[in-house]
Amino acid sequence: MRDKKISARRRETKAHSPKGGKVVTIRTEGRNLGAWRTFAIGFFIILQTALLLLFYLGVISYFRIYQLIAFVLSFICCIHVLSTSKPGHTKTVWVLFLLLFNSFGYIAYVMSSEKLFFGWAKRRYNKIFKRTQGLTPEYAPLTHVCPQVQRDAEYLWNAGGFASYCGSPVKYFPSGASMFDDVLDELERAEKFVFIEFFIIADGVLLNRFCDVLSQKVKEGVEVRIICDGMGSHGTLSFQMQIKLKKAGVKLFRFNRIVPRFTFALNVRDHRKIIVIDGKTAYTGGCNLADEYVNEKRMHGYWKDSGIKVGGGAAAGFTLMFLRQWEFVSKKTEDYRKYVLPVENVREGAVVAPYADGKDYERFVCKGVYSNIMAGTNEKLYIMTPYFIPDEDTAAILAEKALSGVDVRIILPDVPDKPYVYRVSVDSAERLISSGVRVFKMRRAFVHSKVVFSENCVAVGSVNIDLRSYYNQFENGVYTNDNGVLCDVLRDFENVFKVCKEVTEKNSTRNKLLPRMVAGVLRVFAPLM
């Protein structure tokens, strides 16, 4: 097994020196972007858009009264936007769009309705959830934990039916390499099934190691299923690797494939990161299944990520999470009880609560988890995130906590992966400095960890602090108050702070006119980032 490991300790040492000094360059490889397939899909989408535009121009050339009718319809849509429960940023963008492009804005708004482009999917999810009720333990008040954890556990149950498992083993990993080392060890011991769900699965050293282990496991009678996102893995998971996996006996499905058709459904993505082994062990975190997440390939400086491992009942929660998504993408029903192990209703020990979010849930659960942790802290609130584009509620909570004397700190990357998103993220964080929030950038690194930590609890998972994660994507995470994990997460933050540079009001980019103007313009499109 040693030759198959990622060698986390060796790779972490090479990638970043203890004093935050020189970063050792690691070989960079270009991605296979599937250029021809991407070109073909883009061409057909542009062609369809052009045909719609020609039809529109033809209509207005024959019916001049159309302009008046279109304006009235767009104005009615503006009223409807303001009356909905959409986030404030989203409302602003839609009203601006409808007023500027009133001739056809109402058409785009109607087409963007979830009832039209996602209604059929929502009905399927409702059937799946209704059929699989009762597979998690019933909620019972937790009397052995602090009031904040009690409230958070009750929220998770009421908002999404997520059980809080007490006494489940849990372990935190401060890097993607250390997590995947552990995953490969556990895969070697798999006996019944392996479930894998990632936003990005990419060809490379890491996937080859997975493929070798999984192929052997299939020969031993282990069932292996994989879900990847159609957009996230587009151009990264080659056709040859897909054939190799399927020939080995691995079952593979893509969520929401990229198709040459104009539809708002393309904006709905599966951003979850889940690995389940035999229903007894599960992993999640910020890492995708690609070389950059273990610093095998250098993309944007040193890649800082994190993960978490759970066992016992908490692993059963992830099994159910995966199987519901599998039934949706495969369109095949099955007996979940073959995979979801019965859980003893323990009321002692640390709380470990797996949770998820997406179009399959009525409420924005992941945003609620983060908001509750932020609102419940009284001492410290540490955040690690690659993208920081909070809505008004989140920004207000952070400012109020800092003004109340809470030690609020945010760690962002120093090296951006998407410059336009990074510009808005930095600007959003720097706006909070005047309220007492401390902002840090990890030197020569891209921070991809998604961690929200307080003195009482922590959430680790796939959820960014941005509008896409909060409202559009399928996400997941783990909430826990385990003392061992809290100590490990705090140690991770303290180690990262040592290699960070702090952003203050004096060196803030908001002191410069051009960056502030650019961020202001880009902020309008924040709901799309």
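Biologist: Which residues is Ser-508 in contact with, leaving aside its neighbours within four places in sequence?

Modeller: Ser-508 is in contact with Glu-430 and Val-503. Contact means heavy atoms within 4.5 Å. This is a predicted model: local features need pLDDT of at least 70, side-chain atom pairs count only at pLDDT 80 or more, and totals for chains, interfaces and linings use all residues. Residues are numbered from 1 along each chain as its sequence is written, and side-chain values use heavy atoms, with hydrogens and water left out.

Biologist: What makes the link between the side chains of Ser-508 and Glu-430 a polar contact?

Modeller: The two side chains come to 3.0 Å. A polar contact is a pair of N or O atoms within 3.5 Å; within protein, one must be able to donate a hydrogen and the other to accept it, and residues adjacent in sequence count only if both atoms are side-chain atoms. So the pair of Ser-508 and Glu-430 is a polar contact.

Biologist: Why is Ser-508 called buried?

Modeller: Its relative accessible area is 6%. Buried means under 20% relative accessible area, exposed over 50%, partly exposed in between (1.4 Å probe, protein chains only). So Ser-508 is buried.

Biologist: Where does Ser-508 lie?

Modeller: Ser-508 lies in the loop between strand S18 (500–503) and helix H18 (513–523). Helices (H or I, at least four residues) and strands (E, at least two) are DSSP runs, numbered from the N terminus. The protein chain has 18 helices and 18 strands.

Biologist: Why does Ser-168 count as buried?

Modeller: Ser-168 has 9% relative accessibility, so it counts as buried. Its loop runs between strand S1 (165–166) and strand S2 (170–173). A polar atom of the Ser-168 side chain lies 3.2 Å from the backbone oxygen of Gly-311. Not counting residues up to four places away in sequence, Ser-168 touches Gly-311, Gly-312, Gly-313, Ala-314 and Val-352.

Biologist: Does Leu-237 count as buried or exposed, and why?

Modeller: Leu-237 counts as buried, because its relative accessibility is 4%. Leu-237 sits in the loop between strand S4 (223–229) and helix H11 (239–247). Not counting residues up to four places away in sequence, Leu-237 touches several residues, including Ile-201, Leu-207 and Arg-254. Gly-204 is 33 residues from Leu-237 along the chain, and their C-alpha atoms are separated by 9.2 Å.

Biologist: Is Arg-337 buried or exposed, and how do you know?

Modeller: Arg-337 has 58% relative accessibility, so it counts as exposed. Its loop lies between helix H12 (312–330) and strand S10 (351–357). Arg-337 and Leu-320 are 17 residues apart in sequence and 9.5 Å apart in space, C-alpha to C-alpha.

Biologist: Why are H9 and H10 called roughly parallel?

Modeller: Helix H9 (residues 176–188) and helix H10 (residues 205–219) pack at an angle of about 15°, with axes 10 Å apart. Axes are lines fitted to C-alpha atoms, for helices over the stretch in contact, and angles run from 0 to 180 degrees between N-to-C directions. Angles under 35 degrees count as roughly parallel, over 145 as roughly antiparallel, 65 to 115 as roughly perpendicular and the rest as oblique. So H9 and H10 are roughly parallel.

Biologist: What makes H3 and H4 roughly antiparallel?

Modeller: Helix H3 (residues 66–83) and helix H4 (residues 88–100) pack at an angle of about 175°, with axes 9 Å apart. So H3 and H4 are roughly antiparallel.
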